[in-house]
Amino acid sequence: MLSRLLILALLLPGPALAGVKEVKETIAALAPAALVLVIDADGNELLAQNADELFVPASVTKIVTAWLAMDLLGGDYRFQTRFYLDDKRVLYVRGGGDPFLISEELVSLGKNLVAAIGKQPITGIVLDASYYPPDLRVPGIEDTDEAYNALNSALAVNFNTVNAIRKGNAVRSAEKQTPITPLAISEFKARGPNGRGRISLSQDPKVSLQYAGELIAAFIDKAGGSVRGDISVGAVPAGLKPVYVHRQSRPLSQILVELLKASNNYIANQVFLEIGAHRLGGPVSLDKSLKTLNERLAAQGLSTEIMIEEGSGISRNNRLTARGLTKLLALFAPHANLLRGPDGSLTKSGTMDGVRALAGYADTKSHGRVRVVISLGSNDGAMRYRLLKAIESGL
């Protein structure tokens, strides 16, 4: 009798199986056309709805970039900007693609630079941006002038943007930490709103370089030095040795947290481009980074499941499979804490017209931490989080 009861108990659905069935029904009722895939830590598929369809990941692509960066550069990697001084006290600045040369960073940069070269006047600044070729183009960036999609550059400050306040012809900085410069004023007058806003300096690379030079000069002045000459673009003379190398105060792991949280396309592609150049040598190129990525994907058996043409997700030609992405999430799991979703979850969202995606990790009662991929071909951004909550609470 006891053995018959035991067999019957094994045949009946337990709480975990019942939970999976209920969640499946809930998701099918809420969003029958949605792509949903949930995989547990052992690789078992708990939920699979429309999971064989290729989907446009939008900014979920940034998980791929973050995984590759941690894999090949490491969390302690730091971007560098090099400074040279000739015998006429002309300062040469060679950009290294640092995505976080923001005003707060330029404070310490200015102090350290002045300490290295002294307070005698600088007779000119020459900006060397040759680490990024002039014909570099990232697919998708040309379709928008949003500030977070600014032009990628070897030497750019404040994410290649200007944040200012305009009232009539008067323009002042919208950030107490950022001095206003002549170029910032002219650009904001030409394109900024009448009021507070942020504009991208993406139209002309020379403009963004000029702004970088002006802002670096302003922070040299703040540190007790002075710049009395012109700002121009050129190459560092052969044989000239650096007098100061600025290492970004933020390690790559911290930059990735900010990148994933703010979903900044400019930062994402700065990181993506650095990966290829670090692996295959400068200057940067999209081909080098894609070659590096595709080699790593092939080594993991993912070359036909993750197909991207840039590192931020702005391109609509990026395509993933849900199963491929969950495999990559398994590889990225040691760094899951880099993800900081707006609802506190370990997820990254992706949003563009007709695309609402979500991917990452969810902690469940019966199945522990699971990997989740959700994609909707709609503009219902809230639905992806409703589906995520159903998975978290029901499994």
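This is a predicted model: local features need pLDDT of at least 70, side-chain atom pairs count only at pLDDT 80 or more; totals for chains, interfaces and linings use all residues.
Strand 1 covers residues 35-39, and because five of its five residues are buried, the strand is largely enclosed by the rest of the structure.

| Partner of strand 1 | Residues | Sense | Bridges | Residue pair |
|---|---|---|---|---|
| Strand 2 | 45-49 | antiparallel | four | I39 opposite E45 |
| Strand 16 | 368-376 | antiparallel | five | L35 with S375 |

Strand 1 and strand 2 form a hairpin with five residues between the strands. Within that hairpin, G43 takes a positive phi near 90°.

Helix 4 spans residues 103-117 and packs against helix 6 at an angle of about 60°, the two axes lying 8 Å apart. Angles from 65 to 115 degrees would count as roughly perpendicular and those under 35 degrees as roughly parallel; helix 4 and helix 6 are therefore oblique to each other. The crossing of helix 4 past helix 6 is right-handed. On the helix 4 side, the contact is made by S103, L106, V107, G110, L113 and V114, and on the helix 6 side by L215, I216, F219 and I220. Sorted by class, this contact has eight nonpolar residues, two polar residues and no charged ones.

Is S226 buried or exposed? With a relative accessible area of 18%, S226 falls under the 20% limit and so counts as buried. Leaving aside neighbours within four places in sequence, S226 is in contact with K119, Q120, P121 and I122, and also with I220 and D221. Of these, I220 also belongs to the contact between helix 4 and helix 6.

For the protein chain as a whole, there are eleven helices and 16 strands. The chain has 395 residues, of which 56% count as buried. Its C-alpha atoms fill a box of roughly 100 × 50 × 35 Å, taken along the principal axes. Among the contacts in the chain with a separation of 6 or more, 69% are between residues 24 or more positions apart.

Definitions and conventions: Residues are numbered from 1 along each chain as its sequence is written. Side-chain values use heavy atoms; hydrogens and water are left out. Buried means under 20% relative accessible area, exposed over 50%, partly exposed in between (1.4 Å probe, protein chains only). Helices (H or I, at least four residues) and strands (E, at least two) are DSSP runs, numbered from the N terminus. Two strands pair if DSSP finds at least two bridges between them. Contact means heavy atoms within 4.5 Å. Axes are lines fitted to C-alpha atoms, for helices over the stretch in contact, and angles run from 0 to 180 degrees between N-to-C directions. Angles under 35 degrees count as roughly parallel, over 145 as roughly antiparallel, 65 to 115 as roughly perpendicular and the rest as oblique. A crossing is left-handed if the near helix is turned anticlockwise from the far one by less than a right angle, and right-handed if clockwise. Ala, Val, Leu, Ile, Met, Phe, Trp, Tyr, Cys and Pro count as nonpolar, Asp, Glu, Lys and Arg as charged, and the others, Gly among them, as polar.
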